[in-house]
Structure formats: C-alpha cells, structure tokens
Amino acid sequence: MKIYQAINKVPGGLMVVPLFIGMLLNTFAPNAMKIGGFTQALTNQGYPTFLAMYLFTVGTKMTLNAAPTMLKRGFGIMFAKVGIAIVVALGIAHFFNGDIIGLTTLAVLAAMNDTNGGMFLALTSTFGNKEDAGTYVPQSIETGPFLTMLVLVGAGLAVIPWLTMFSVIAPIIAGAILGNLDSDLREFFGKHEPIIIPFMAFTLGQGINLSAVTTAGLPGILLGLSVLVITGIVCILADRLLGGSGVAGAAASSTAGNATGTPQAVALADPTFAAIAPIATIQVAASVIVTAVLTPILTAFIYRQNKKKAETQ
C-alpha cells in the first residue's frame, strides 16, 4: 500500500492527515487511548513534548553565516509578513471585539504569522535562485507560537508570564546554538524533523472535538484566501523593494502546517483562550490547505510575469 504517497498528495499532509485522525479519535472514541503508560503519552497530554522537539529541530537550521543580501531580504519579508499580520489581527481585536465572521484574533494571527518553510524552499528552488531560497533563514524565526504570544501579550490581549514565553523559545535557542557549533548535528536534526511532525499533529488533534468546530469551515477558507492575498501583496512588494524579483515574497504567502499547533500552545499558556483554541485550530488548518494549493499558483504567476517582462526588454 502506498499510504505515505497518498498522505503527501494532501497539501501539508504530514501535518493535516494525522491532525484529523486525532480529531476523529477524540470525537468518537475519546477514551480509547487513555489506558496509561506509553499509549496515553500519545494522547493530547504528550503534545507539549512533541512541540518542544519540533522547535528544537527548527532551531538547528538557523545559521549565522548567511549572505548579507539574503539576510536583508529575508528579514524584510519576515517583518512585512509579521507586520501585516499584527495590523490585521489587532484591527479585529479592537474594532470587532476579537471576532469577525467567525474568525478570531488568535486564528488570524496564527495563520498569517507563519510561512510554510518546505513549500517556500520548493517554490524558490523551482522559480527563483539560491538567494531567494536563502531568504528563508531569517524567516524561520516565525516558526512556532512565540511571535504570536509576544504580540498578544504586547497588545494586552493575553496574560502570559515571560518565563512561560521564554520556555517556548528556549528549545529554538538551544537548537540554534548546537546547529551553529556543529554542521553534522544541524544536518542530522534537519533530516529527521519530518518524523516528529505526524506525532505532534496526532497528539494535537486529540485535544479537538469535531462537534465543536462544525461552523469553522467557510471562515477557515476565507482565512486562507486572506493570508494569500494580504500577506502575498505585502511580501511581494517588500521583496521587490529590497532588490528581489518578488518570487520569494509570493512564496511566503502561505500558512505553515505547524501553525495549527499555535492556538493550543497559546491556550496552554493562557487558559482564557482555551474555549476558542479548537475552532482556531481548524480554521488555521483550513488556511494551510487553501494556501498550499494557491501559493504555488501565485508564485508561478509572478515568475511568468518577470520572465515576460525580461523578454520584452
């Protein structure tokens, strides 16, 4: 059976498919795995451990020897994406009481903040150049829930102790230190990062009941379209202003699969978000799928536009 190939045909499959399996299990047989021991460790109670492992492996990829041009454009795209995410999310918080057409500040911030790194690298390798692909090094700072927590706390929308916030970024820092000290370690952990993702997604899914998120579908699709259009336009402009072709900016117009874990991570740090975290998770998952389909189309369009312009000059 070609199970692995079938899963990879789903956009963000290694994250999305185990996530939905976990949700189905929690909805229809919530106590099936709560038998203690190692089996129960694979339920939602094991999610923080898998998230910490994932953040550590991501940290090992953050190298300090990237070329200055890559760093400049990478930070520019990152600040553009995170900046517009903050503006939109805080606009919803202050002008719509934190909810617009079923989309919460938490869902919007989580979906817009985090770029799908694998897709970004694949698209920039196909339609861009080495510099385009290299801009992801600083962009990888977006990975995980830390920036979302930072924004929520800074805006006064969440009460999360600074030590708790540091505990989120500590695995990334540890990974970055080891990854820069030893390239073999960086290669080893980077190579094995995909193994962690299905376990993280499965345990995350077991904290979500499908009956509570039946209304999340359409808002989730609208969230994905918003991420594509809003962050896409801003990131393309930032990329071009900094000397790029716009390809890297277009490739950043997605939602990362791991962003589905951000609402739950925020809820663990601040229980006042616990009620909306399940719906936010589903909406972010929908955004992952929508942008996984449409971001390559946008990137290919920008590439063809650049090529046509070059031919006419």
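Asp132 and Arg73 are both buried, where buried stands for under 20% relative accessible area, exposed for over 50%, and partly exposed for values in between (1.4 Å probe, protein chains only). The model is a predicted one, in which local features need pLDDT of at least 70 and side-chain atom pairs count only at pLDDT 80 or more, while totals for chains, interfaces and linings use all residues. Residues are numbered from 1 along each chain as its sequence is written, and side-chain values use heavy atoms, with hydrogens and water left out.

The structure holds two salt bridges, a salt bridge being a side-chain nitrogen of Lys or Arg within 4 Å of a carboxyl oxygen of Asp or Glu. One of them joins the side chains of Asp132 and Arg73, at 2.5 Å from N to O. Helices (H or I, at least four residues) and strands (E, at least two) are DSSP runs, numbered from the N terminus.

The side chains of Arg73 and Asp239 also meet in a salt bridge, at 2.8 Å from N to O. Here too the pair links distant parts of the chain: Arg73 belongs to H5 and Asp239 to helix H13, 166 residues apart. Arg73 counts as buried because its relative accessible area is 3%, and Asp239 counts as buried because its value is 0%. Salt bridges with shared partners join Arg73, Asp132 and Asp239 into one network.

## Helix H13

H13 has 25 residues (217–241), so at 1.5 Å a residue it should span 36 Å; its end C-alpha atoms are 36 Å apart, which agrees. The expected span is 1.5 Å times one less than the number of residues. H13 contains a kink of about 30°, centred on Gly232; the bend at a residue is the angle between axes fitted to the seven residues ending there and the seven starting there. After H13 comes Gly243, with a positive phi near 100°.

Leu228 is another residue of H13, and it counts as buried because its relative accessibility is 13%. Leu228 and Val290 are 62 residues apart in sequence, while their C-alpha atoms are 8.6 Å apart in space.

## Overall form

The chain has 16 helices and two strands. Of its 313 residues, 51% count as buried. Its C-alpha atoms fill a box of roughly 65 × 50 × 45 Å along the principal axes.

For 313 residues, a compact globule would have a radius of gyration near 20 Å, and the chain agrees with this at 19 Å. The radius is taken over C-alpha atoms, and the globule rule is 2.2 Å times the number of residues to the power 0.38.

## Surface residues

Leu163, Phe166, Ile173, Ile177, Leu178 and Leu181 make a nonpolar surface patch of about 630 Å². Patches consist of residues with over 30% relative accessible area and no salt bridge, with like charges joined within 9 Å and nonpolar side chains (Val, Leu, Ile, Met, Phe, Trp, Tyr) within 5 Å. Accessible areas come from the Shrake-Rupley method with a 1.4 Å probe, and for residues only the protein chains shown count as cover. Phe166 lies in helix H11 (residues 162–181) and counts as partly exposed because its relative accessibility is 48%.

Met53, in helix H4 (residues 47–59), is partly exposed, with a relative accessible area of 38%. Met53 and Ile282 are 229 residues apart in sequence and 23 Å apart in space, C-alpha to C-alpha.

Most residues other than glycine have a negative phi. Asn97 has a positive phi, near 55°. Its place is in the loop between H5 and strand S1 (99–100), and at 74% relative accessibility Asn97 counts as exposed.

Ile101, likewise not a glycine, has a positive phi of about 45°. Ile101 is found in the loop between S1 and strand S2 (103–104) and is exposed, with a relative accessible area of 58%.
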